[in-house]
Amino acid sequence: MADNGRKAETVTLTMDGQEVTVPRGTSLLHAAESIGTEVPHYCYHPGLSAPAQCRICLVEVEGAPKLQPSCVTMAAEGQVVHTDSPAAKRMRQGVLEFYLVNHPLDCPICDMSGECMLQDYVFDEGREKGRGREPKRVFGRDDFGGDVLYYGDRCVMCTRCVRFMDEVARDSRLTVVERGSRAVIDTFFDRGLEGASFAGNVVDICPVGALVSKDFLHKARAWDLDHTPSICPNCSHGCNIELHTRDNLVQRLKPRENQEVNGHWMCDYGRANYEWMNRPGRLEAPAVGRGSDRRAADWREALELLFASLSAAEGDVALVGSATCSNEALAGLVALGEEMSGGEAGRVFRSPRAADEVPLPGFPLLVRRRDLVPNSDGAELLGFERAGNDDGQGGLEHAAEHGGVVIVLGDELVDQGEEFGANASLFVYLGTFDTAAAANADFVLPITTFAEEEGSFVNAQGRVQRFQQGLRPPESARPAWLVLGALVAALRGEETPGSAPEAFARLADAHPAFEGLTWEAVGDRGAALIAEAVHG
Amino acid sequence: MAISVKVMRRPEAGRMSYMRATLKGMSLTFRHMVRPTKVTLEYPEEQPELSPRWRGTHRMEVHADGRPKCVACGLCPTVCPANCIRLVGGEDDQGNRYPIVYEIDEFRCIFCGMCQEVCPVEAIHVGQHFENAEYGRDRFVYDLDRLMEQDHPVTQLWDPSDPRSE
């Protein structure tokens with residue numbers, strides 16, 4: 001906002017009797033925000049242009065003949081602004097009443113109910129009872145294609161969705177047709193939003209329940225969902241997201257604002273791919289023994305046996321990592337490999353790759369990357385080499401026939417047969433699902449997915465980003481950093497890392513690329529790695 | 001503050017008479033013998049008259065075409081203090097939102113009637129009903145079909161002519 005060459009300049013104004021100093025060029029809406037006052041707004045969205053057409057953000061500016069739209073009125077020196085004066089309140093109440101003239105008030109069946117800005121504002125300052133006597137106009141609903149449904153009756157005509165498609169997606173597929181009370185949002189002919197890569201964002205920015213997700217339709221109420229800050233695991237861009245969970249199941253993914261990474265947006269591919277986090281049939285208890293000798297064990301027994309086997313094991317070590325694992329888990333695997341072989345251990349990972357990247361034209365930082373896994377860059381930084389083809393298959397010939405120690409972390413080995421690891425003197429499989437290729441494993445240890453643990457990923461920009469635990473892991477699955485950390489600690493004779501921050505601290509000590517980073521410094525918004533360590 | 005104790009003085013032993021109290025009690029007994037006040041009901045032949053505000057097991061109202069009135073808005077499981085309502089919403093073939101699963105655990109229910117009070121479409125009601133005996137515990141989780149089959153009168157949580165009790 002303050003990039004007009006006069007950056008240092010600030011203005012001081014009086015807002016609701018409170019003096020506030022803001023950079024020149026700040027809108028009154030943001031100035032009010034800085035003192036903790038939220039001015040209602042529909043058409044204004046920080047990621048879009050401000051047409052000042054919803055008329056609900058009007059505030060009283062002393063000296064101005066009429067109320068001013070706070071989203072486009074810039075703060076000026078000495079201004080005296082009232083957001084809560086009787087005139088401003090009366091006006092907001094009036095505007096809200098107009099919005100409700102044709103609004104169906106179908107909150108009980110509306111998916112937006114509970115997070116709807118119309119509901120909030122009317123509850124805060126609207127009239128207690130409606131005065132309308134005329135019948136409301138009825139449009140019904142329209143399938144916009146893709147994942148988007150449009151309920152015209154609920155629409156407040158803020159045109160955020162139209163402007164998102166025009167300005168950010170740069171793919172004009174929505175428009176306003178008709179005028180006055182007959183105005184609706186519509187698509188051009190039958191083209192709709194089908195095939196658009198970022199259209200899901202119009203559901204997020206819709207302030208009311210006019211645009212809803214087909215996938216989420218009637219699935220859960222907004223107030224039942226728990227929100228967990230996380231990182232999108234579906235490509236290596238690592239958009240900041242929230243996991244919305246209920247009953248220990250992920251119900252939907254929503255973008256979390258981070259101007260350095262994804263702005264306010266995320267892509268439809270990432271948004272749609274969450275069902276795998278809820279996949280049932282997980283590995284639930286550690287098991288020891290090959291083939292018919294396989295038996296369940298508790299963690300203490302399994303780790304003690306594994307520790308004894310690792311201490312006695314001979315031969316080279318082959319490590320198969322996975323770019324779906326956190327940095328902490330991969331660093332634990334590297335440390336274990338080093339402890340075992342006294343230096344270099346072969347490290348590979350595989351990653352499915354899309355044919356091309358999908359950028360968001362209006363916000364060029366955001367790109368759906370080729371790597372369809374969250375931590376391929378972290379894996380490469382930690383010394384894992386990319387193997388296999390673009391489907392994430394093949395490339396494990398060495399590990400499959402390796403005669404020494406084979407440790408597989410997180411890779412489900414879907415393309416590998418039962419003969420995988422048959423020659424290995426010791427084969428350890430740490431995974432979330434049992435697989436045919438784990439038949440020869442001496443140890444099968446259940447680990448958690450990223451949604452069930454705390455940790456960090458490195459995204460394609462070379463940015464370390466933390467994610468939090470949103471789901472309860474099944475039975476006795478444990479985070480991989482804890483399992484591997486305990487083994488490394490036992491081999492080295494030191495303390496087991498007790499938490500993800502501790503595991504991260506050890507990772508930062510051991511790997512120069514992460515040097516100087518702390519868990520706190522990474523924070524909720526991530527932190528860039530030092531540039532020269534990041535390749536590509 | 002210490003509790004103040006008032007010492008009651010008993011009348012002296014020779015000056016006490018229970019005659020008056022005994023006669024008073026006996027007169028009541030004889031009065032009832034001549035003109036009895038009936039309290040006991042010949043249940044189940046005779047049924048008690050329940051208050052209009054009696055809150056018993058639930059009943060789901062239905063539309064004329066047999067569909068439940070419930071729109072699966074999720075307010076009753078939200079407001080329920082005993083957490084006894086399980087609801088999974090969905091869409092029927094006509095595009096209406098309806099409950100795919102609607103279960104009330106009548107054992108957990110505390111019959112507060114808040115589900116009825118909160119319902120925006122007057123679908124779920126507590127009822128004027130008390131005969132709930134079953135042969136198994138599992139029968140006390142009432143599913144949607146059972147709630148729709150219930151035919152006892154529903155509770156009137158407030159007087160419609162004076163909804164605010166004024």
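1. A residue counts as buried if 20 or more other C-beta atoms lie within 10 Å of its own, as exposed if 12 or fewer do, and as partly exposed in between, with C-beta atoms placed from the backbone. Helices (H or I, at least four residues) and strands (E, at least two) are DSSP runs, numbered from the N terminus.

2. This is a predicted model, in which local features need pLDDT of at least 70 and side-chain atom pairs count only at pLDDT 80 or more, while totals for chains, interfaces and linings use all residues. Residues are numbered from 1 along each chain as its sequence is written, and chains are lettered from A and ligands numbered from 1 in the order in which they are written.

3. In strand 21 (residues 405–409) of chain A, five of the five residues are buried.

4. Strand 21 of chain A has a parallel pairing with strand 16 (residues 317–320) of chain A, over four bridges; two strands pair if DSSP finds at least two bridges between them. Here A:Leu319 stands opposite A:Ile407. Strand 21 of chain A also runs parallel to strand 22 (residues 426–431) of chain A, and five bridges join them. In that case A:Leu409 is opposite A:Leu430.

5. Helix 8 (residues 327–341) of chain A has 15 residues and should span 21 Å at 1.5 Å a residue, which agrees with the 21 Å between its end C-alpha atoms. The expected span is 1.5 Å times one less than the number of residues. Twelve of the 15 residues are buried, so helix 8 of chain A is largely enclosed by the rest of the structure. Among them are A:Asn327, A:Glu328 and A:Met340.

6. Chain B has four helices and five strands, in the order α-β-α-β-β-α-β-β-α from the N terminus. Its radius of gyration is 26 Å, well over the 15 Å that the globule rule gives for 166 residues, so chain B is more spread out than a compact globule. The radius is taken over C-alpha atoms, and the rule is 2.2 Å times the number of residues to the power 0.38. Buried residues make up 22% of chain B.

7. Seven residues of chain A are in contact with eleven residues of chain B, contact meaning that C-beta atoms, placed from the backbone, lie within 7 Å.

Methods:
Contact = placed C-beta atoms within 7 Å.
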